[in-house]
Amino acid sequence: METVLEVENLYVEYRTEEELVRAVNGISFEVLKGENLGLVGETGAGKTTTALTIMGLLPPEVSVVRQGRVLFKHVDLITQSESYLRSVRGNGIGMVFSDPMTSLNPVLTVGEQIAEVLHLHYQEMSSEDVEDRVNEILSLVGIPPQRKNEYPHQFSGGMRQRVVIAMAIVCNPELLIADEPTTALDVTIQAQILDMIEELRRKMSMSMILISHDLGVIAETCEKVAVMYAGEIVEYGSVEHIYESDVHHPYTSGLFGSIPDITKETRRLNPIPGMMPDPTNLPSGCKFHPRCPECIEICRKVAPETVDIDGHQISCHLFAEV
């Protein structure tokens, strides 16, 4: 199948006068046409930085892509000009951010904000065609077109997120990046939004990168899964590899162990001990070793190689002999 996006050995840092933050540390993955990849991990794992790097939206004053390539349709976005990236954003790659209220302009109607995307990418479109497309895309995301003249504050959180999704897909992008698209919403609305995103993705034949903390959401919507920790992908494979295999990175095992089991009675949850390491002072060797229950001496000193077991990739010394 055609490869839409390929990230190769990507390193991203945030630099200030006081400190150096190593946010992304050598990750590689690809997204095929029509495929849905899930990025999962704790807060601070580097998921959002990865998404912003792909979109070319890293803050220029403090961020540096130290190494690596981001190939969208075989063009390296890291080396392209800002004008080229603007032509790709929204048109080739759309992005849905986690908080719809900060993603929308409070002084413009939702119709004007969706139309702005069309005016930017299709300057030859007539006003009537733009109006028709705005009505069409609002209907597609479940908002009555007559509400296009209302402002963001007049919508509920779930409806605002639908507007943000409409803005992201109005130009029929080939790749959609959804960064925690339901974080600010209650559980019932979360399910509606995720079902709608999946239906739109299939209807429009889009590829997608879904960033989430929720392993259940990833299992239901994704074909491939990348588990991130401290800026690295520690485990990568198909949904079957991650959810049905008995072979896992200790961090992935810890994530599954943290999920409450409603069929068992227990006095407390079973979280992974410790915290995500400080990205300004990452531990030597395996980044997970201070929290790992299966840590051995080599883990403290040597970074593990990635072991490939029939397409199931794990970065851990425990599997070095496989």
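This is a predicted model: local features need pLDDT of at least 70, side-chain atom pairs count only at pLDDT 80 or more; totals for chains, interfaces and linings use all residues.
Reader: What lies 2.7 Å from a polar atom of the side chain of Thr53?
Author: The backbone oxygen of Thr49 does. A polar contact is a pair of N or O atoms within 3.5 Å; within protein, one must be able to donate a hydrogen and the other to accept it, and residues adjacent in sequence count only if both atoms are side-chain atoms.
Reader: Where does Thr53 lie?
Author: In helix α1, residues 47–55 (helices are DSSP runs of H or I, at least four residues, and strands runs of E, at least two, numbered from the N terminus).
Reader: Is Thr53 buried or exposed?
Author: Thr53 is buried, at a relative accessible area of 4% (buried means under 20%, exposed over 50%, partly exposed in between, with a 1.4 Å probe and protein chains only).
Reader: Which residues is it in contact with?
Author: Leaving aside neighbours within four places in sequence, Thr53 is in contact with Leu10, Val12, Leu58, Val65, Val70 and Ile78 (contact means heavy atoms within 4.5 Å).
Reader: New topic: which residues of α7 are buried?
Author: Ile193, Leu194, Met196, Ile197, Glu198, Leu200, Arg201 and Met204. They pack against β3, α5, α6, β7, β8 and α8.
Reader: And just after α7?
Author: Ser205 has a positive phi there, about 55 degrees.

How values were computed
Residues are numbered from 1 along each chain as its sequence is written. Side-chain values use heavy atoms; hydrogens and water are left out.
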